[in-house]
Amino acid sequence: MIGYARVGDAADEAGQRTQLAALGVRPERVHFDAGLRGTRHRLPNRDAMLDALRPGDAVAVTGLERLARSATDLGEVSAGIREHRALLNVGGTVYDPATEAGRTAFELFTSVFPAFEAGIYELRLTGPREHAKAAGRYPGGQPKLTAEQRRQLYELYMSGSETIAQLQKRFSLSRSGVYMQIQRERDRKEG
C-alpha cells in the first residue's frame, strides 16, 4: 500500500504519517507534497507516485482533500488510479474499480463530482453577473475605451494611417487589446 497526503507544515505531516500508518502504510511508502497551495502548482510527489502504480497497488489517503485540490483534480487523479487498475483506500474504505461498487465510486470521482463543482461555480457567477448587468456595470471592470475612442481606433486601423504599435501607444492598450477593440467595433458595425 502506498500512502499520500498534501500537507501544510511539519505538524500536519506528522499527523498524516500517524494516520496513514494506522491504515497499514509502511513509513517508507508514504509520499508528501508539502506547502504547495492553490491549483497552479503541480504536485510532483503525487504525480510520480501515480506514474509508478502497478495493477493491484493501493493508494491510501486519510481524506479525498489530501489527494486532490478540486473535484476536477480528483477526477483526473481517480482516472489515473483506475487506468493503472489500482485500488483507492480513503480513510479505511477501499474502492476497487474492478467491482460494481468501486466502479460506481470511481464514476462519482471522475464525472459526477467535477460536473457538480462546475455547476456550483457557474451558479455562483450567474447571480452576481446578471445583477451587475441590470445595474449597468460589467463583470471585470469598466471598458478600456469609450465607444468614440473605439470608433476612432477602428478608423485609424482601417485607413492604414497608423500601425498597431502606434495604436497601442495612442490608446494605452496591449497588442491583443488593440485587436480586441478592432474586433468589437467590427462586430458592432456588422451587427
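Trainee: Why does Gly3 count as buried?

Mentor: Gly3 has 0% relative accessibility, and buried means under 20% relative accessible area, with exposed set at over 50% and partly exposed in between (1.4 Å probe, protein chains only). Gly3 therefore counts as buried. This is a predicted model, in which local features need pLDDT of at least 70 and side-chain atom pairs count only at pLDDT 80 or more, while totals for chains, interfaces and linings use all residues. Residues are numbered from 1 along each chain as its sequence is written, and side-chain values use heavy atoms, with hydrogens and water left out.

Trainee: Which residues is Gly3 in contact with, leaving aside its neighbours within four places in sequence?

Mentor: Contact means heavy atoms within 4.5 Å. Gly3 is in contact with Leu20, Val25, Arg29, Val30, His31, Met49 and Ala60.

Trainee: In which strand is the place of Gly3, and what is its bridge partner in β2?

Mentor: Gly3 is in strand β1; strands (E, at least two residues) and helices (H or I, at least four) are DSSP runs, numbered from the N terminus. The bridge partner of Gly3 in β2 is Val30.

Trainee: What makes β1 and β2 a pair?

Mentor: Two strands pair if DSSP finds at least two bridges between them. β1 and β2 have five bridges, in the parallel sense, and thus meet that definition. Two bridges join β1 to β3, also parallel, with Ile2 partnered by Val59 in β3. β3 and β4 pair in the parallel sense over four bridges, and Val61 has Val90 as its partner in β4.

Trainee: What is the order of the strands in the open sheet, and why are β2 and β5 called edge strands?

Mentor: The five strands have the order β2-β1-β3-β4-β5, with mixed pairing. β2 (30-34) and β5 (93-95) are the edge strands, as each pairs on one side only. Helix α1 (residues 10-22) packs on the sheet and touches β1, β2 and β3.

Trainee: What covers β3, and which of its residues are buried?

Mentor: Both faces of β3 are covered: Ala58 and Ala60 are buried on one side, Val59 and Val61 on the other.

Trainee: What makes a set of residues a nonpolar core?

Mentor: The set must consist of buried Ala, Val, Leu, Ile, Met, Phe, Trp, Tyr and Cys residues joined through side-chain atoms within 4.5 Å. The largest such core here has 19 residues, and those with the most contacts inside it are Leu53, Val59, Val61, Leu67, Ile81 and Leu88. A second, separate core of ten residues includes Leu153, Tyr154, Ile164 and Phe171.

Trainee: Where is the kink in α5 centred?

Mentor: The kink of about 40° is centred on Leu108; the bend at a residue is the angle between axes fitted to the seven residues ending there and the seven starting there. The buried residues of α5 include Phe106 and Phe109, and α3 (64-67), α4, β4 and β5 are among what covers them.

How values were computed
Axes fitted to C-alpha atoms, helices over the stretch in contact; angles between N-to-C directions.
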